[in-house]
Amino acid sequence: MTYHLAIGDRTNSSWSLRGWLLFAGFGLPVEIDRARMKSQAFRDMLDAYKPAQLVPAMRIDAGGQSSVVWDSLAMAETLAERHPERGFWPADPALRAMARSMVAEMHAGFTDLRTDCTMNLRHTYPDFRPSAAVMADVERIDRLWTGAFAARDAAGMEGNWLFGAYSLADVFYAPVASRITTYALPVSEPAAAYVTRVIESGPFREWREAGLAEKYVQPGYDLDLEPQPWPEPCPAI
């Protein structure tokens with residue numbers, strides 16, 4: 001059996017990052033197909049992932065047959081079902097229910113944050129001024145994260161991810177951590193510590209370094225503000 005994953009530009013496609021972390025974050029091998037978003041090559045790439053029209057998309061080749069899963073949440077559930085030993089969801093039932101709810105909310109919501117603060121892993125914008133709607137999204141996320149930390153600690157879970165061990169909740173909120181970094185969005189100290197953990201983790205750094213090596217700037221993602229470098233990373237986690 002072979003997994004194939006279609007992705008777009010690494011420095012800008014937040015959903016591609018989520019798709020890739022479904023594999024890299026849990027030690028699953030995958031063959032990558034990549035193309036620049038909005039290009040003919042992108043459309044050609046997705047011909048092998050029909051009926052998908054967007055990324056990420058996953059194709060499973062096994063026993064001479066192929067099946068395609070073309071939504072990040074559907075991909076997550078498919079992999080969790082196929083590989084229960086990898087711990088995609090928290091083992092504790094109460095934490096698992098909370099993690100599922102948080103992932104679903106991320107998958108469907110926070111439109112203002114996602115629209116005004118597109119993912120940009122090339123530099124930061126410390127002079128960015130978020131709207132009230134963006135800050136409402138950020139404050140909601142901060143409450144969700146701190147609630148997860150409290151539930152994790154109350155359950156005696158080891159580890160510093162949202163629910164102790166790395167889980168799908170961390171996959172789905174990784175691009176949020178990047179947005180908080182890029183746009184210098186204010187969050188609580190516990191949330192800021194979590195953001196640092198995400199952007200300094202090995203898989204995230206590997207993704208960002210690969211994106212920078214592509215040396216491509218997707219039009220429409222840079223702001224008309226003075227850019228600053230990303231924070232210097234500590235040793236990879």
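Which residues does UniProt list for "domain: GST N-terminal"? The unreviewed entry gives residues 3–87, with positions in the numbering used here, a shortened feature name, and annotations that may be inferred rather than shown by experiment. The model is predicted, so that local features need pLDDT of at least 70 and side-chain atom pairs count only at pLDDT 80 or more, whereas totals for chains, interfaces and linings use all residues. Residues are numbered from 1 along each chain as its sequence is written, and side-chain values use heavy atoms, with hydrogens and water left out.

View 1. An automatic or database domain assignment divides the protein chain into domain 1 (2–82) and domain 2 (93–207), whose centres, taken over C-alpha atoms, are separated by 22 Å.

**View 2. The interface of domain 1 and domain 2.** In this interface 21 residues of domain 1 are in contact (heavy atoms within 4.5 Å) with 21 residues of domain 2. Between them the two domains bury about 2000 Å², of which 72% is on carbon and sulfur atoms; buried area is the accessible area (1.4 Å probe) that two parts lose on being put together, summed over both. Leu 17, Arg 18 and Trp 20 supply 28% of the area that domain 1 buries against domain 2, more than any other three residues.

View 3. The rule finds 1 salt bridge across the interface, a salt bridge being a side-chain nitrogen of Lys or Arg within 4 Å of a carboxyl oxygen of Asp or Glu. Arg 100 forms a salt bridge with Glu 77, with the closest N and O atoms 2.7 Å apart. On the side of domain 1 that touches domain 2, helix H1 (14–24) and helix H3 (72–82) each supply at least two residues, and the largest share, 9 residues, comes from H1.

View 4. Most residues other than glycine have a negative phi, and most peptide bonds are trans. The peptide bond from Lys 50 to Pro 51 is cis, with omega near 10 degrees, and Pro 51 is found in the loop between helix H2 (40–46) and strand E3 (57–62). A cis peptide bond also joins Val 55 and Pro 56, with omega about 5 degrees, and the place of Pro 56 is in the loop between H2 and E3. Lys 38, in the loop between strand E2 (31–34) and H2, has a positive phi, near 70 degrees.

Notes:
Helices (H or I, at least four residues) and strands (E, at least two) are DSSP runs, numbered from the N terminus.
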